[in-house]
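The tour goes from the whole chain to single residues and then to the ligand.

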Amino acid sequence: MKGVTDIGHGRRFLARGNVYLPHIAVIERIIEETPGVRTFHFNFKDEKLRKEFTFESGQFGEYSVFGIGEAPFCISSSPTRSDHLEFAMQRVGKVPMPCTGSVLALR
Ligand SMILES: Cc1cc2nc3c(=O)[nH]c(=O)nc-3n(C[C@H](O)[C@H](O)[C@H](O)COP(=O)(O)OP(=O)(O)OC[C@H]3O[C@@H](n4cnc5c(N)ncnc54)[C@H](O)[C@@H]3O)c2cc1C
């Protein structure tokens, strides 16, 4: 099934295995950029994944908050930083904003 799941250049962690498998992450910090726009700092719970996860600018993830819902957001942090990941969210529609400590499933 390599052709289906290997959407990168064979070196992207999430693309190497099952791209439909979510990974558990935790919101560690929230920055209020403007009224209605927040940046969320998050990290994977799995230490190995924290070290090995790489992405390219413009890639997005599908974020699920258990029992609440799921929506896609772009990764807004720099691909060269490895201490945490970020996404920025504008308050529109019905998607609820997570709070600090929220557990996410990201794929
Ligand atoms: C690939 C992808 C990447 C995305 N990345 C981001 C991201 O990085 N940050 C982010 O805030 N949202 C992003 N979104 C939008 C986000 O996933 C939700 O669609 C959004 O939060 C609203 O969800 P909703 O279903 O409740 O409302 P919807 O019913 O989808 O939208 C309600 C109304 O708001 C408009 N709208 C939706 N999102 C935005 C937005 N961000 N800015 C202005 N108008 C909008 C819609 O066109 C519609 O008119 C992305 C969507 C996709 C498909």
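What follows is a series of selections, each with a short account of what is there.

**Before selecting**

Residues are numbered from 1 along each chain as its sequence is written. The model is predicted, and local features need pLDDT of at least 70, side-chain atom pairs count only at pLDDT 80 or more, while totals for chains, interfaces and linings use all residues.

**The whole chain**

Begin with the chain coloured by secondary structure, which comes to 3 helices and 6 strands; helices (H or I, at least four residues) and strands (E, at least two) are DSSP runs, numbered from the N terminus. Read from the N terminus on, the elements run α-α-β-β-α-β-β-β-β. Buried residues make up 11% of the 107 residues in the chain, where buried stands for 20 or more other C-beta atoms within 10 Å of the residue's own, exposed for 12 or fewer, and partly exposed for values in between, with C-beta atoms placed from the backbone. Among contacts between residues at least 6 apart in sequence, 50% join residues at least 24 apart; a contact requires the two C-beta atoms, placed from the backbone, to lie within 7 Å.

**The sheet**

Next, select the 6 strands, which form an open sheet in the order E4-E3-E6-E1-E2-E5 with antiparallel pairing; two strands pair if DSSP finds at least two bridges between them. At the edges are E4 and E5, each of which pairs on one side only. Neighbouring strands of this sheet are turned by 40° against each other on average, direction ignored, the axes being lines fitted to C-alpha atoms, with angles from 0 to 180 degrees between N-to-C directions.

Zoom in on strand E1 (23-34) and E2, which pair in the antiparallel sense over 8 bridges and form a hairpin with 2 residues between them. In the turn, Gly-36 has a positive phi of about 100°. Along this pair, Val-26 stands opposite Asn-43 in E2.

On to strand E6 (residues 103-106), which pairs with E1 in the antiparallel sense over 4 bridges. Select His-23, which stands opposite Leu-106 in E6, and then Ala-25, which stands opposite Leu-104. E6 also pairs with E3, over 3 bridges, and here Ser-64 stands opposite Ala-105. Keep Ser-64 selected and turn to E4, where its bridge partner is Glu-70; strand E3 (residues 60-65) and E4 pair in the antiparallel sense over 6 bridges.

Draw a distance from Leu-21 to Leu-106: the two are 85 residues apart along the chain, and their C-alpha atoms are separated by 8.3 Å.

Then select Glu-62 in strand E3, which counts as partly exposed because it has 15 C-beta neighbours inside 10 Å. Leaving aside its neighbours within four places in sequence, Glu-62 is in contact with Glu-70, Pro-72 and Arg-107. Glu-62 and Ala-105 are 43 residues apart in sequence and 8.1 Å apart in space, C-alpha to C-alpha.

**The nonpolar core**

Now show side chains for Ala-25, Ile-27, Phe-40, Phe-42, Tyr-63, Ile-75, Leu-85, Phe-87, Met-89 and Leu-104, the 10 residues of the largest nonpolar core. Such a core is a set of buried Ala, Val, Leu, Ile, Met, Phe, Trp, Tyr and Cys residues joined through C-beta atoms within 7 Å. E1, strand E2 (37-44) and E5 each give two or more residues to this core, and the largest share, 3 residues, comes from E5. Centre on Met-89, which, leaving aside its neighbours within four places in sequence, is in contact with Arg-38, Phe-40, Phe-73 and Met-97.

**The ligand**

Finally, select the ligand, which 13 residues surround, the closest being Ala-71, Cys-74, Gln-90, Gly-93 and Lys-94; a residue is near a molecule if its C-beta atom, placed from the backbone, lies within 6 Å of it. Strand E4 (69-74) and strand E5 (85-90) are the elements that give two or more residues to this shell. By class, the shell has 10 nonpolar, 2 polar and 1 charged residues, with Ala, Val, Leu, Ile, Met, Phe, Trp, Tyr, Cys and Pro counted as nonpolar, Asp, Glu, Lys and Arg as charged, and the others, Gly among them, as polar.
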